[in-house]
Every structure is written in structure tokens, then in C-alpha cells.
Amino acid sequence: YQRRVRGILNKRKNNNFLMRSLFVLSILVISIAHLCLSQPPIPPNYNQFRIGSTNAPVLLEAFFDLMCPDSAVAWPVIKQVIEHYGTQKINFVLHLFPLPYHHNAYLASRGSFVIASLDPTLDIFWKWIDLIFANQAQFFNAPTRNKTANEVIESMGLVATQIGVPLQTWIQGLTVDSRFDASGRIEWKYGAFRGIYGTPEFLVNGVWVAADQSTTYAQWLQLLDPLFTIFNETASSVLDK
């Protein structure tokens, strides 16, 4: 009799352990499913930082970190490419993707939204991109190791004053106004959602391309020229019908 009782108790213990294990596993599965299926934030404007027409046949997207030396190297070549094709043929969109190991990258990204808010034409924004790339070395990790975040913000703001950005507007935008913090977060999450993990990275008509800071002007033309040929042939065939 005692043996039977012990057997029943052991069976109940095993069943309880199994039920607890299944419960924990179900919670884990639900949590993972929630993470996978949760809605990422939707950017309010996909073409927020754009050069060119949205009707252009080629969409070139770049993901840059403003504290990334490789992004700084790639930018002049991209500007050449845009100038070569013109704004009716190419729609260039810049996405800011601050990398976590560049300690001041997010401040530069958030500040970019502050600057963009000052000029709907974005002329001052593109001047800022040139300016911050030219001055990025002073905001690398080593030179700012002993500076507080507020000191870095002010130093970066002094650079921004060179293109007419009021220092107080800059500081307030990076320390008080939560809109620009939200914009920076959404921008970064968009890049993460697209699978971006480094900079610079590029998409052409929505497709990742094997281009980086070493890609030359001639190589970019070699990549893009066939797309314009296809577009022109397609347009001609439509007109002939």
C-alpha cells in the first residue's frame, strides 16, 4: 500500500513538474511571438532627408552614422553620383543610423532633426551633413572621453553655429524637446528593422547592394547605368503601344 501511495505521489510530482515546464515554455513562446510581431514605429515621412524627385526611376538610400569615418569617406562620392544623374533621375534618401560604439553618434543624429526643423527646404540640413563630417574627428570617443554629455552637446552646437544654427536652439533640442529624441529613435529603429547593422550601407530600389566607402564613382555608375537603360526601354515600349 505504501509503495502504491509513493508511486501516486511521484506521478503527481512528475505531472506538476511537466505542467510547470509547459507553462514556462508557453510564456516564453508568447513573449518571443510578441517581440517578433510587435509593430515597429512607422516613420512619419519616409523621404524626410531627400535629394531628388520621388518620381525618379532610381531610389538610392544610404544609411550613415555621422560619427563614422567610413560614412564620411562615402559621402563625397555619393554627392558626385547625385550630381551626375540629376534630381529627375535619382531620388536620394539619407537615413541616419548612429552606431552604439560611436558614443556621440546619437547626439549628432538627434541634432540633425533639430537643424532640419529650422528649414523646410533642408538646405541647412545638407550643409550640416558636410560640416559634421568635416568636424567629426573632434567628437570621436577618445577626444571626448573625459567630457560630459552636456559638454559634448555644447561643443557640437558651436560647430552648428557656423551654418547659422542658434546655439540655444541646438541645446534645447538635444536636452529638452522630446520630439527630436523620438525622431532619432524612430530613424534608428527603421534601419534596424531593415536589417542594417553597420555604416555606410546602401539600398538601390529597395535592394541591398554590395557598396561601401571603397566604392568609386566609376563603380557607382557601372551599377546604376543599366537601371536607367531598362527604364528608358520600358518607357519607349509603353509609348509605342
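Helix 7 gives the most to the lining of the largest pocket, with 5 residues. Helices (H or I, at least four residues) and strands (E, at least two) are DSSP runs, numbered from the N terminus. A pocket is an open set of points on a 1 Å grid over the protein atoms alone, where a 1.4 Å probe fits, with protein on both sides within 12 Å along at least five of seven lines; lining residues have an atom within 4 Å of a point.

This is a predicted model, in which local features need pLDDT of at least 70, side-chain atom pairs count only at pLDDT 80 or more, and totals for chains, interfaces and linings use all residues. Residues are numbered from 1 along each chain as its sequence is written, and side-chain values use heavy atoms, with hydrogens and water left out.

The volume of the largest pocket is about 220 Å³. That volume is the space filled by probe spheres set on the points, which are joined across faces, edges and corners. The pocket is lined by 15 residues, and Pro 44, Gln 48, Phe 49, Phe 113 and Ser 183 are the closest to its centre. Helix 3 (105–116) and helix 7 (178–193) each supply at least two lining residues.

Helix 3 and helix 7 also meet each other. Their axes come within 8 Å and cross at roughly 120 degrees. Axes are lines fitted to C-alpha atoms, for helices over the stretch in contact, and angles run from 0 to 180 degrees between N-to-C directions. On the helix 3 side, the contact (heavy atoms within 4.5 Å) uses Tyr 106, Arg 110, Phe 113 and Val 114. Helix 7 brings residues including Phe 180, Asp 181 and Ser 183.

The table sets out both groups by class.

Two strands pair if DSSP finds at least two bridges between them. Strand 2 (58–64) and strand 3 (90–96) run parallel, joined by 7 bridges.

Two loops hold backbone features. The peptide bond from Thr 199 to Pro 200 is cis, with omega near -5 degrees. Pro 200 lies between helix 7 and strand 4 (201–204). Leu 122 has a positive phi, near 70 degrees.
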